[in-house]
Amino acid sequence: MKVNDAISGIFFILFGVLIFYLTKDFPIMPGQKYGAGLFPRLIGFFMGLGGVALIFRGVRTRKGAPWVTIMDWVSSPRHLMNFFLVIAVLIFYILVSDLLGFIPTAFICLLTLLVWLRGSAHWRSSLLISIIAVMVIQQFFGEFLRVPLPWGIVPIFGW
């Protein structure tokens, strides 16, 4: 499906405003002039700014074209499966990550997507990519940025 940029811009503005609203009560960090809401609010602001640019571009380039066009991939079972698999993996992560923990859940999600999208012939490299990516993400977010990722079943292996 192809959507005119003006419609996408409206959604970006609405999502940016929602982010701004939901982060209004985030606490200020003691000893700092900014708090946990700074970066989400910056992202929301730039999403809104990008949305305005998309609206101007979409209106300027429309020239009588339809606002929404259904693309050929929508009739392709493989492409539809790719789309729904990504959604399913996200839902799986949301439902299971507290129980299993970030590392095993993210590994399962990433390996599933890589094997499906790259093909089962590349399972060895997909396995290696999944292991390395999950460890790098865990180190970056869990240790460097101090994001409280769930440990689940592997708290004794925490480093």
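Helices here are DSSP runs of H or I with at least four residues, and strands are E runs of at least two, both numbered from the N terminus. Keep in mind as you click around that this is a predicted model.

**Stop one: the whole chain.** Now zoom out. The C-alpha atoms fill a box of roughly 60 × 55 × 25 Å along the principal axes. The chain's radius of gyration is 20 Å, while a compact globule of 159 residues would have one near 15 Å.

**Stop two: helices 3 and 4.** Select residues 77-100 for helix 3 and 102-118 for helix 4. Two packed helices are described by the angle and the distance between their axes. In this pair the axes come within 8 Å and cross at roughly 170 degrees. An angle over 145 degrees counts as roughly antiparallel, and helix 3 and helix 4 are therefore roughly antiparallel to each other.

Which residues of helix 3 and helix 4 meet? On the helix 3 side, pick out M81, L85, V89, F92 and V96, among others. Facing them from helix 4 is a set including F102, I108, L113, W116 and L117. Sorted by class, this contact has 16 nonpolar residues, four polar ones and one charged one.

**Stop three: the largest pocket.** The space inside comes to about 180 Å³.

Which elements give two or more residues to the lining of this pocket? Select strand 1 (2-3), helix 2 (38-61) and strand 2 (68-69). Helix 2 gives the most, with three residues. Colour the lining of the largest pocket by class to finish: five of its residues are nonpolar, four are polar and four are charged.

Key. Residues are numbered from 1 along each chain as its sequence is written. This is a predicted model: local features need pLDDT of at least 70, side-chain atom pairs count only at pLDDT 80 or more; totals for chains, interfaces and linings use all residues. Side-chain values use heavy atoms; hydrogens and water are left out. On a 1 Å grid over the protein atoms alone, a cavity is a set of points where a 1.4 Å probe fits but cannot get out, and a pocket is an open set with protein on both sides within 12 Å along at least five of seven lines; lining residues have an atom within 4 Å of a point. Grid points are joined across faces, edges and corners, and a volume is the space filled by probe spheres set on the points. Ala, Val, Leu, Ile, Met, Phe, Trp, Tyr, Cys and Pro count as nonpolar, Asp, Glu, Lys and Arg as charged, and the others, Gly among them, as polar. Axes are lines fitted to C-alpha atoms, for helices over the stretch in contact, and angles run from 0 to 180 degrees between N-to-C directions. Angles under 35 degrees count as roughly parallel, over 145 as roughly antiparallel, 65 to 115 as roughly perpendicular and the rest as oblique. Contact means heavy atoms within 4.5 Å. The radius of gyration is taken over C-alpha atoms; the globule rule is 2.2 Å times the number of residues to the power 0.38.
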